[in-house]
Amino acid sequence: MAVFDAVDFDAHEGVHFFDDPKTGLRAIIAIHSTHLGPAAGGSRYWTYASDDAAVTDALRLSRGMSYKNAMAELPMGGGKAVILKTAAPKNDAYLETFGRAVDSLGGRYVTAEDVGISDADMVVVSRQTRHVSGLPVAGGAAGGNPGPSTAEGVFRGMRAAVKHKLGRDGFAGVHVAIQGLGSVGYALAGKLAAAGAKLTVADIDEARAAKAAAEFAGRHVPVDEIMAVEADVLSPCALGATLNATSIEALNVAIVAGAANNQLATPADGARVHARGILYAPDYVINAGGIINVATEYLGSGDAEAVTKLIAKIEGRLADIFVESDRTGTPTDVVADRMAQKLIGR
Ligand code: NAD
């Protein structure tokens, strides 16, 4: 791959490659911007089709973190680590080697959990570096697994979208289709069910989908059906790039509002969703709850109550983006990008 010419290379401050034959660790840490502070973003442990695909993911995700942290009003820049999943066991030695990789960047990058990395994994990583957040914490403190905080932010952001698009206060009778019932999706399903929403869910782990459907009085459908379910809201909470020309054409909802990072497969897909009259909640604005939680822990700048207050701001921030989009006829993702770029001095 010609990295400097890659579409997703956006004047990143640094892209670091780590290869440890002893443990089999292969990781990429991309630092997009430290304009507002240390580059913060989670570590993703995933099977990639090629090294290029892993680099692309690191480039896109780290830029997304710059935008996300800026929009969440955090004094932090944007970065991301991807760990290439292989046959090598993800044991203590492997995770400690990753910890040393993070530490070698001297605090310019601060890591946390993402897909495939648990808070227990982060405890092992933290033996080798203090530039870690998302560690288990005592009740009442900020920090710990970011999933529930992300779910809280998505819940509030979705409420702003439902208000703006459907003119409804709250979720009573609102039908939400959730793709992916992991750390975020499951917690979100619980909150929505408690608020009176009707749920349709799907997960590649069918037992998990069936469990959620039973617990929250919803129904579950096969994974290849969830994107086209007729509902009020689609909430992508699995992996990114699910919104493309084909899937957007098949959408049967008024709103897309979910936790997954990089939901739009290409920049043109934001315009496609907009052209269909579907309200899209920009992913990095609505899913900032987790980073707000872990950044507050890392910075030592507040307790769980302070985190809740910051997460609550997601609702108003999205409402502002929706209004600006309507006023200018600009897709919501472009409105958000412009706001974020201004904040990081680009
Ligand atoms: P997770 O790994 O806990 O859960 C992902 C779930 O999606 C799993 O249950 C998995 O089986 C399911 N899944 C995978 N592919 C699927 C498919 N094609 N169809 C249906 N289900 C599928 O991850 P998570 O922490 O819940 O994060 C979910 C998404 O939100 C990711 O894109 C992540 O980057 C993003 N995100 C997470 C956080 C956080 O705090 N955890 C914060 C911001 C963004």
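1. Strands E2 (residues 25-33) and E5 (residues 77-84) run antiparallel and are joined by 6 bridges. Strands here are DSSP runs (E, at least two residues), helices are runs of H or I with at least four, and both are numbered from the N terminus; two strands count as paired if DSSP finds at least two bridges between them. In E5, Ile 83 is the bridge partner of Ala 27. Keep in mind that this is a predicted model: local features need pLDDT of at least 70, side-chain atom pairs count only at pLDDT 80 or more, and totals for chains, interfaces and linings use all residues. Residue numbers start from 1 along each chain, as its sequence is written.

2. E2 also pairs with strand E1 (residues 14-20), again antiparallel, through 7 bridges. His 16 sits opposite Ile 29 in E2. The E1-E2 hairpin has 4 residues between the strands, and Gly 24 takes a positive phi near 85 degrees there. As for burial, 9 of the 9 residues of E2 are buried (20 or more other C-beta atoms within 10 Å of the residue's own; exposed means 12 or fewer, partly exposed is in between, and C-beta atoms are placed from the backbone).

3. Ala 11, in the segment before E1, has a positive phi near 50 degrees despite not being a glycine. Ala 11 is exposed, because it has 9 other C-beta atoms within 10 Å. Ala 217 lies in the loop between helix H6 (206-215) and E9, and its phi is likewise positive, near 50 degrees. Ala 217 counts as exposed too, with 9 C-beta neighbours inside 10 Å.

4. There is an open sheet of 6 strands with parallel pairing, in the order E9-E8-E7-E10-E11-E12. Strand E9 (219-220) and strand E12 (279-280) are the edges; each has a single partner strand, so one side of each has no neighbour in the sheet. E9 runs parallel to strand E8 (residues 198-202), joined by 2 bridges. Val 201 has His 220 in E9 as its bridge partner.

5. On to helix H4 (residues 147-166). Its 20 residues should span 28 Å at 1.5 Å a residue, and the end C-alpha atoms are 27 Å apart, which agrees (the expected span is 1.5 Å times one less than the number of residues). H4 is mostly covered, with 15 of its 20 residues buried. Just after the helix, Gly 167 takes a positive phi of about 65 degrees.

6. What surrounds the ligand? The shell has 27 residues, and the closest are Pro 146, Gly 180, Gly 182, Ala 238 and Gly 290 (near means a C-beta atom, placed from the backbone, within 6 Å). H4 and helix H5 (183-194) are the elements that give two or more residues to this shell, and H5 gives the most, with 3. By class, the shell has 12 nonpolar, 11 polar and 4 charged residues (Ala, Val, Leu, Ile, Met, Phe, Trp, Tyr, Cys and Pro are nonpolar; Asp, Glu, Lys and Arg are charged; the others, Gly among them, are polar).

7. The domain assignment gives domain 1 (3-67 + 77-125) and domain 2 (147-343); such bounds come from an automatic or database assignment. The contact between them takes 7 residues from domain 1 and 9 residues from domain 2, where contact means C-beta atoms, placed from the backbone, within 7 Å. Helix H1 (residues 51-71) gives the most to the domain 1 side, with 4 residues.

Conventions:
Contact = placed C-beta atoms within 7 Å.
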